[in-house]
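Let's take a walk through a protein together. Have a look at the picture first, and then we'll go through it piece by piece.

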Amino acid sequence: MLETKNLTIRFGGHVAVDGVSCAFQPGTLTAIVGPNGAGKTTYFNLISGQLHATSGEVWLDGENLTALGAPQRTRRGLGRAFQLTQLFAHLTVLENVRLAVQARRGLGLKLLSVWLSHRDLIAEAEAILKRVRLDHRATDFAASLPHGDQRKLEVAMLIALDPKVYLFDEPTAGMSVDEVPVVLDLIRALKAEKKHTLLLVEHKMDVVRELADRIIVLHQGKLVADGDPATVIASPIVQEAYLGVAA
Ligand SMILES: Nc1ncnc2c1ncn2[C@@H]1O[C@H](COP(=O)(O)OP(=O)(O)OP(=O)(O)O)[C@@H](O)[C@H]1O
């Protein structure tokens with residue numbers, strides 16, 4: 001189970017995430033919604049270790065991860081989609097995914113073991129590329145991909161790490177309409193496996209309504225609503241604060 005306890009971060013005088021306590025169970029998808037600037041991405045960054053909390057804690061399966069950096073948290077099973085800047089722009093799509101598979105298997109730079117299992121790593125990377133329907137791009141350089149394919153590569157690398165917790169921050173942002181279903185199908189498939197903890201920041205309410213088992217609402221850094229989708233969407237705080245509709 002992933003848990004944040006009183007998680008807080010200040011930027012100067014501004015409290016971007018303000019005492020958020022929340023637990024997330026494996027096998028469930030929780031959507032995090034809230035207006036622009038509510039603190040959703042910052043909350044993700046605090047969980048993944050890209051940012052360090054001013055106060056509060058992050059726990060995963062009984063271990064306090066608060067003092068750990070992002071790479072150590074990744075090794076513990078917290079998976080945050082890579083941003084393109086974290087990919088190897090001048091390696092191919094396949095090589096990027098192969099490196100993520102290699103990182104997960106802990107092979108590092110042990111050359112002999114890498115050489116022995118190279119074929120195996122490539123086969124797994126190819127299977128993941130098929131899953132995200134990016135196999136036709138395997139030999140292209142990551143930097144040359146159109147935007148939608150870059151997002152799919154981010155998801156492919158996340159899957160390659162096989163994390164316990166998936167943090168999806170607007171995974172379909174900037175995608176064309178025909179690309180969106182591919183990514184949503186992948187998230188649906190992960191959800192159907194019922195073993196991962198899935199967290200999704202998403203502005204599209206129809207996507208949230210369809211995918212989420214639970215919605216939490218952040219507003220000015222605070223957790224202001226938490227519950228099943230129908231109840232949370234209908235609540236005055238969401239109607240007013242998020243959807244801009246007078247309650
Ligand atoms: N590194 C930083 N330094 C200073 N302020 C920051 C930093 N990162 C985020 N903030 C501020 O914290 C607040 C929360 O930002 P955040 O990006 O987490 O919101 P969000 O809910 O993800 O918004 P959006 O829906 O627009 O992506 C904003 O006021 C933002 O300007």
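This protein splits into domain 1 (1-77 + 164-172 + 196-247) and domain 2 (84-162), with bounds that come from an automatic or database domain assignment. Taken over C-alpha atoms, the centres of the two domains are 28 Å apart. Keep in mind that this is a predicted model: local features need pLDDT of at least 70, side-chain atom pairs count only at pLDDT 80 or more, and totals for chains, interfaces and linings use all residues. Residues are numbered from 1 along each chain as its sequence is written.

Start with strand S1 (residues 2-11) and strand S2 (residues 14-24), which pair in the antiparallel sense over seven bridges. Strands are DSSP runs of E with at least two residues, helices are runs of H or I with at least four, and both are numbered from the N terminus; pairing takes at least two DSSP bridges between two strands. Glu3 sits opposite Ala23 in S2. S1 and S2 make a hairpin with two residues between them, and Gly12 in the turn has a positive phi of about 60 degrees.

Now for the helices. The axes of H3 (residues 93-104) and H6 (residues 147-161) come within 7 Å and cross at roughly 25 degrees, the axes being lines fitted to C-alpha atoms over the stretch in contact, with angles from 0 to 180 degrees between N-to-C directions. That is why H3 counts as roughly parallel to H6, a label for angles under 35 degrees. Among the residues that meet are Val97 and Ala100 in H3, and Leu153 and Met157 in H6; contact means C-beta atoms, placed from the backbone, within 7 Å.

Definitions and conventions
Angles under 35 degrees count as roughly parallel, over 145 as roughly antiparallel, 65 to 115 as roughly perpendicular and the rest as oblique. Two residues are in contact if their C-beta atoms, placed from the backbone, lie within 7 Å.
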